[in-house]
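This report describes the strand arrangement and the ligand surroundings of a single chain. Please look at the sequence and the structure below before reading on.

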Amino acid sequence: MPSVDITVRLNDQLLLQNPILTASGTFGYGDDVPDLVDVNRLGGLVTKSITLHPREGHSPPRIAETPSGMLNAIGLANIGVDRFCDEKLAFLASLDTTVIVSIAGSSFAEYQEVMEIIEARQPGIAGYEINVSCPNVKEGGMEFGVSAQMTEGLTRTLRALTDRYLIIKLSPNVTTIADIAIAAEVGGADAVSAINTVVGMGIDPLTGKYQLSTGMGGLSGPAIRPIALAAVFKIAQVVHIPIIGIGGIMNIEDVVMFLRAGAHAVQIGTANYRDPGIGVHIARDLPSYLEQLGIQQLSEVRGTAIP
Ligand SMILES: Cc1cc2nc3c(=O)[nH]c(=O)nc-3n(C[C@H](O)[C@H](O)[C@H](O)COP(=O)(O)O)c2cc1C
């Protein structure tokens with residue numbers, strides 16, 4: 001058995017058993033996974049984003065294939081925070097892995113209220129990931145995550161509500177992602193995760209119809225990996241908090257690429273649709289892969305590509 005230590009210390013309170021988490025929206029609430037997949041072997045699980053009220057999401061078609069990836073316009077379909085607390089929290093708290101609850105909202109007040117409702121249950125969860133790729137209705141629909149000021153303000157507001165681990169999930173659809181990462185750090189985030197989906201669209205050449213009901217949607221999968229990697233690489237050079245890399249990760253090589261670019265851990269999204277066991281398999285095989293590289297401890301590869 002390889003003796004490589006693949007645990008990841010995120011802060012004083014939080015130690016991941018390995019660096020592989022599932023990405024929000026691609027693994028449900030962790031309770032509808034095939035029996036063959038033991039989620040307790042993951043480094044962690046991030047839930048689907050939760051909003052104050054239940055959401056049906058956008059009308060179909062909500063998913064389209066693209067070369068090397070997929071487009072989605074799920075529209076944050078979720079059961080809402082009350083049902084989430086009643087039906088999912090106990091199960092999530094019973095898991096033997098790190099559970100992060102993703103929160104989305106259309107105003108500061110909505111994010112705040114969702115977090116307050118969950119905190120009031122004193123849930124056995126490790127922390128929150130804040131999906132800032134949502135339109136701020138009060139600011140004319142501009143996404144929270146495109147403004148450093150809004151990102152810092154939202155982070156500060158939520159930081160005041162919880163001592164649990166607080167991750168701000170960054171959008172790639174911005175001019176300078178490093179500036180938004182700094183804003184999250186200044187606002188009190190424990191970590192940033194990057195990236196959410198990249199804006200994309202498809203049109204049927206014969207009928208002229210949009211491939212997604214909304215026209216534009218989010219592109220994910222291997223097509224966005226180089227964008228995500230560059231984002232992590234840039235952020236790693238400007239913040240001191242941990243970074244969780246997300247975007248097109250399909251195998252161990254991709255994971256190690258993100259670690260070398262400066263990520264402490266990674267999340268796997270679209271690849272779960274091909275194989276829901278992918279995260280568990282990567283976590284299982286990572287020690288032998290690192291051993292072959294002559295590495296004893298995961299932290300030895302972190303940031304090695306940064307000049
Ligand atoms: C079908 C689908 C649903 C998603 N839902 C959410 C969501 O609810 N909240 C969120 O923060 N990100 C969501 N994402 C974005 C993913 O968590 C991830 O950031 C993105 O897909 C890039 O990673 P990947 O290329 O490994 O899929 C979703 C992605 C997909 C494909």
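Which residue in β14 does Val-199 stand opposite? In this predicted model, Val-199 stands opposite Gly-218 of β14, a position that belongs to the pairing of β13 with β14 (residues 216–220), where four bridges join the two antiparallel strands. These strands are part of an open sheet of four, ordered β5-β6-β14-β13 with antiparallel pairing. Because β5 (63–66) and β13 (198–201) each have a single partner strand, they stand at the edges, and one side of each is left without a neighbour in the sheet. Within this sheet, neighbouring strands are turned against each other by 40° on average, direction ignored.

The other sheet described here is a closed barrel of eight strands, running β3-β4-β7-β8-β11-β12-β15-β16 with parallel pairing. Its neighbouring strands are turned by 25° against each other on average, direction again ignored. Between β4 (residues 44–46) and β7 (residues 98–103), which run parallel, there are three bridges, and Val-46 has Ile-100 in β7 as its bridge partner.

| Helix | Strands touched | Angle between directions |
|---|---|---|
| α4 (residues 177–187) | β11 (165–170) and β12 (191–194) | about 160° with β11 |
| α8 (residues 278–292) | β3 (20–22) and β16 (265–268) | about 175° with β3 |

Turning to the ligand, 26 residues surround it, the closest being Ala-23, Gly-25, Ser-220, Gly-269 and Thr-270. The residues of this shell divide into nine nonpolar, 15 polar and two charged.

Definitions and conventions:
Residues numbered from 1 in each chain as written. Predicted model: local features only at pLDDT ≥ 70, side-chain atom pairs only at ≥ 80, totals over all residues. Near = placed C-beta within 6 Å. Nonpolar A, V, L, I, M, F, W, Y, C, P; charged D, E, K, R; others polar. Pairing = 2+ DSSP bridges. Axes fitted to C-alpha atoms, helices over the stretch in contact; angles between N-to-C directions. Contact = placed C-beta atoms within 7 Å.
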